[in-house]
Amino acid sequence: MRTLSFVIGTGRSGSTALSRILNSHPDVLSLNEFMASVGDAAFPEGKVTGAEFWQALFRPAPHFERMIRSGVPLPEFLYTRRPGRYASETTGIPALSLMVLPHLSDDPDGLLDELGAAVAPWPERTAAEHHEALFDLLCARFGRTAVVERSGYSTGRAPVLRAAFPQARFVHMFREGPDCALSMSRHTGYRAISLLREIKARAGVEDLADLTEAHVRALPEDLAPLLGDRFEAALVRDRHIPLRTFGSLWSELVTEGAEFLNRLPADQRATLAYEDLLDAPREELTRLAAFVGVAPLPQWLDGACALLDPSRRGSARTLTDAEFDELRESCAEGTRVLAGHRGR
C-alpha cells in the first residue's frame with residue numbers, strides 16, 4: 001500500500017539535501033517543493049474537473065515569476081539552470097516545472113506533457129482526490145511505493161495538508177536557530193519574505209491581496225516596487241534587514257511546526273533535527289525510512305552520507321559576539337520550544 005508523508009519546516013535546515021537523499025531511494029517518490037510550487041491554487045473548494053486541476057498545477061506561480069524576471073531567482077529553481085521550452089519572459093514557467101519535475105526527470109518538459117495528457121481527462125472530484133490520483137500516477141510511472149513531499153517554509157501549510165490528507169504522516173525538520181536564521185538572512189527568498197511581511201505589517205493587513213492603492217502609496221519607495229511585475233534586484237539583495245528579524249521568523253516557524261505536530265497521533269508524527277542527521281546519519285535515516293514506509297537499504301545509506309555537508313554546522317559562530325548574542329536572543333522562544341520537542 002502506498003504511503004504519503006510530508007516533511008514540514010522552516011527551510012534552510014538541510015531539507016533540500018534531504019529531498020536529494022530521499023530521491024536516491026528506489027522506493028521513494030520525492031516531491032521536491034511540490035506544495036511550495038502549486039500553493040493554495042491547487043486546493044480549491046468543492047469538486048473540479050481534471051482539466052481545472054491540471055491548470056492549477058500548470059499555471060506559473062506569480063511570485064516566483066516576479067523573482068526570476070527581477071534577476072533574483074531562488075537557488076532552488078532547478079528549471080532555470082537547464083532551460084527548456086518555457087521561460088518567464090515569454091510563456092512563464094509552469095508551476096510543476098520549476099522545482100518538482102526536474103528533480104524527478106532529466107526531461108521535465110516531456111514529463112510535463114505526459115502528465116498533462118493523463119490528468120486533463122480525469123473526472124470531476126475534490127482536489128485531495130485529484131492529488132491522490134496524481135501521486136498514484138507518479139508512483140506507477142517511476143516504480144515507487146512511498147510519496148514524500150518536502151517544501152521549505154511550510155509549517156503554515158501543514159493544517160491544510162492534514163485536512164486534505166488525514167492519513168498522511170508528518171515529519172517536522174528543524175535546525176539550530178542561529179545557524180538557520182543566518183542562512184535565511186543570506187537567501188533571496190527569505191529576504192523577500194521578510195520584506196513582504198514588513199509590507200503587510202505596515203499596511204495592517206493579513207494578506208497581500210487585501211492591499212489597497214492607498215496602502216501601496218503609503219509604503220516607502222524601497223518597498224512598494226516589490227509588489228510590481230518587476231523590481232530592482234538590489235531592493236532584495238542590498239536592503240538592510242536586521243539579523244534579529246530572521247531569528248524571530250525562525251522562532252515563529254519552529255513554534256508553529258511543533259504545535260502542529262503535537263496535535264497529531266503518535267504514529268503520524270516524527271521529528272528530524274539537522275544536527276542529529278549530521279551526527280548520526282545512518283541511525284536517523286534508518287528511523288526516517290521506517291516512518292515513511294521503506295527499507296533502510298545499505299547502498300542507499302552509503303550514498304546518503306555523501307550528500308550531507310557537515311561544514312554548514314555552526315555557521316553563526318562566524319558572527320561577532322554582539323551579533324551572535326542578538327541573534328540567539330531573537331531565537332530564544334523557538335529554542336525553548338524545541339528543547340521539549342526533539343525525538344517525538
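Me: Which residue stands opposite Ser5 in S6?
Reply: Ser5 stands opposite Arg169 in S6. Bear in mind that this is a predicted model.

Me: How many bridges join S1 to S6, and in what sense do the strands run?
Reply: S1 and S6 run parallel and are joined by 5 bridges.

Me: And S6 with S7?
Reply: Those two pair in the parallel sense, over 5 bridges. Within that pairing, Met173 has Leu272 in S7 as its bridge partner.

Me: Is S6 enclosed or open?
Reply: Of the 6 residues of S6, 5 are buried, so the strand is largely enclosed by the rest of the structure.

Me: What's the strand order in the sheet?
Reply: The order is S2-S5-S1-S6-S7, an open sheet of 5 strands with parallel pairing.

Me: Which strands stand at the edges?
Reply: Strand S2 (28–32) and strand S7 (269–273) do. Each has a single partner strand, so one side of each is left without a neighbour in the sheet. On average, neighbouring strands of this sheet are turned by 20° against each other, direction ignored.

Me: What does S2 pair with?
Reply: S2 pairs with strand S5 (residues 146–150), in the parallel sense and over 5 bridges. Asn32 has Arg150 in S5 as its bridge partner.

Me: Which strands does H1 lie across?
Reply: Helix H1 (residues 15–23) lies across S1, S2, S5, S6 and S7. Relative to S2, H1 runs at about 150°.

Me: Changing topic to helices. At what angle do H7 and H8 pack?
Reply: Helix H7 (residues 108–119) packs on helix H8 (residues 127–142) at an angle of about 130°, and their axes are 12 Å apart. That angle makes H7 oblique to H8. Their crossing is right-handed.

Me: Which residues meet there?
Reply: From H7, the residues are Leu111, Glu114, Leu115, Ala118 and Val119. They meet Leu134, Leu137, Leu138, Arg141 and Phe142 in H8. By class, this contact has 8 nonpolar and 2 charged residues, with no polar ones.

Me: What about H10, how many of its residues are buried?
Reply: For helix H10 (residues 177–185), 9 of the 9 residues are buried, so the helix is largely enclosed by the rest of the structure. Among the buried residues are Asp179, Cys180 and Met184.

Me: What do the buried residues of H10 pack against?
Reply: They pack against helix H11 (188–203), helix H14 (243–262) and helix H18 (321–330).

Note on methods:
Residues are numbered from 1 along each chain as its sequence is written. This is a predicted model: local features need pLDDT of at least 70, side-chain atom pairs count only at pLDDT 80 or more; totals for chains, interfaces and linings use all residues. Side-chain values use heavy atoms; hydrogens and water are left out. Axes are lines fitted to C-alpha atoms, for helices over the stretch in contact, and angles run from 0 to 180 degrees between N-to-C directions. Helices (H or I, at least four residues) and strands (E, at least two) are DSSP runs, numbered from the N terminus. Angles under 35 degrees count as roughly parallel, over 145 as roughly antiparallel, 65 to 115 as roughly perpendicular and the rest as oblique. A crossing is left-handed if the near helix is turned anticlockwise from the far one by less than a right angle, and right-handed if clockwise. Contact means heavy atoms within 4.5 Å. Ala, Val, Leu, Ile, Met, Phe, Trp, Tyr, Cys and Pro count as nonpolar, Asp, Glu, Lys and Arg as charged, and the others, Gly among them, as polar. Buried means under 20% relative accessible area, exposed over 50%, partly exposed in between (1.4 Å probe, protein chains only). Two strands pair if DSSP finds at least two bridges between them.
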